[in-house]
Amino acid sequence: NEGYIIVKNHFSHSELDLAWAEYEDKIKSKLIIPPDEESHYNDPYPARTLNPHFHVEGFRKIMGCSNLLDIINLLMEAKLTPFQSIASHKGSQQKLHSDAIHMTTNPLGGLVAAWVAFEDISIDSGPLVFCPTSHKLPYLLTTELSIDSNDFKLNGYTSYQQKYEPKIESIVEENKLRKEQFLAQKGDVLIWHHNLIHGGSLRNDFSISRKALVAHYFDTKCHCYHDLSGDDADLLTSMKLFK
């Protein structure tokens, strides 16, 4: 068990195209507003959006796909439900991390992610990168790093960047973890355990898009919360959408 599986050609191109067109329409109508961000001067793409499935029915259909849920439930030997999504036009270049510090479950291990490629992913677009078997390592959470939830609420991700990200890099080096890029084809899905270390590789060409939707699923028997802030996750909104 390496902490992930790749499901090839799971979604049809037509289904993906319809969902993405709906997403673009919601951005044009300003029902969805991508956040402001510092970006490269030659970057034509908007920032990632959180929970676009609240407004995009096509994304909800993809997240709630019965075949995808069957695979996830079989892997986890539990019943999981979608609760969060992130859509991106481009590579995130996000530093290596585990989802566990962002979306935490009690007991631990009750969450998975599914990353859906909406186009063929170019090596120059900043592909998703992940470290196989890293999910077997001990969880790295705020208590191990003395990151205080009040500090997070006052200063945002400063402590996370100063303490968590360098520690993850050192863990990768110390354990000689290999890094793999997800050079997906349109319709492929990468499913990973929430303690798997992953991130976004550097974008070599800012003109190349990397259209994708990542969805997170939690075990309904778990308590789900945000370890950095200490706040409970907003589960009810999504659960109502997927009844």
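## A run of tyrosines

Tyr164 has a relative accessibility of 0%, so this residue counts as buried. Keep in mind as you explore that the model is a predicted one.

Tyr160 is buried too, with a relative accessible area of 4%. The rings of Tyr160 and Tyr164 have centres 4.8 Å apart and planes at 15 degrees; because planes under 30 degrees apart count as stacked, this pair is stacked. Where do the two residues sit? Both belong to helix H6 (residues 158-174), and they are four residues apart, about one turn of the helix.

## Aromatic pairs

A pair of aromatic rings is described by two things: the distance of the centres and the angle of the planes. In this model, the count comes to 11 aromatic pairs. One of them joins Tyr157 and Tyr160: the ring centres are 5.4 Å apart and the planes meet at 85 degrees, so the pair is edge-to-face. Tyr157 is partly exposed, at 36% relative accessible area.

Elsewhere, Trp20, Tyr23, Phe59 and Phe118 are linked by ring pairs into a cluster.

Now for the strands. Strands of a sheet pair through backbone hydrogen bonds, either parallel or antiparallel. Here, six strands make up an open sheet with antiparallel pairing, in the order E1-E8-E5-E10-E3-E2. At its edges are strand E1 (4-7) and strand E2 (49-50), each of which pairs on one side only.

Let's look at one pairing within the sheet. Strand E5 (residues 111-117) runs antiparallel to strand E8 (residues 189-193), and five bridges connect the two. Which residue of E8 is the bridge partner of Val112? The partner is His193.

How values were computed:
Residues are numbered from 1 along each chain as its sequence is written. This is a predicted model: local features need pLDDT of at least 70, side-chain atom pairs count only at pLDDT 80 or more; totals for chains, interfaces and linings use all residues. Side-chain values use heavy atoms; hydrogens and water are left out. Rings of Phe, Tyr and Trp (its six-membered ring) pair if their centres lie within 6.5 Å; planes under 30 degrees apart count as stacked, over 60 as edge-to-face and the rest as tilted. Buried means under 20% relative accessible area, exposed over 50%, partly exposed in between (1.4 Å probe, protein chains only). Two strands pair if DSSP finds at least two bridges between them.
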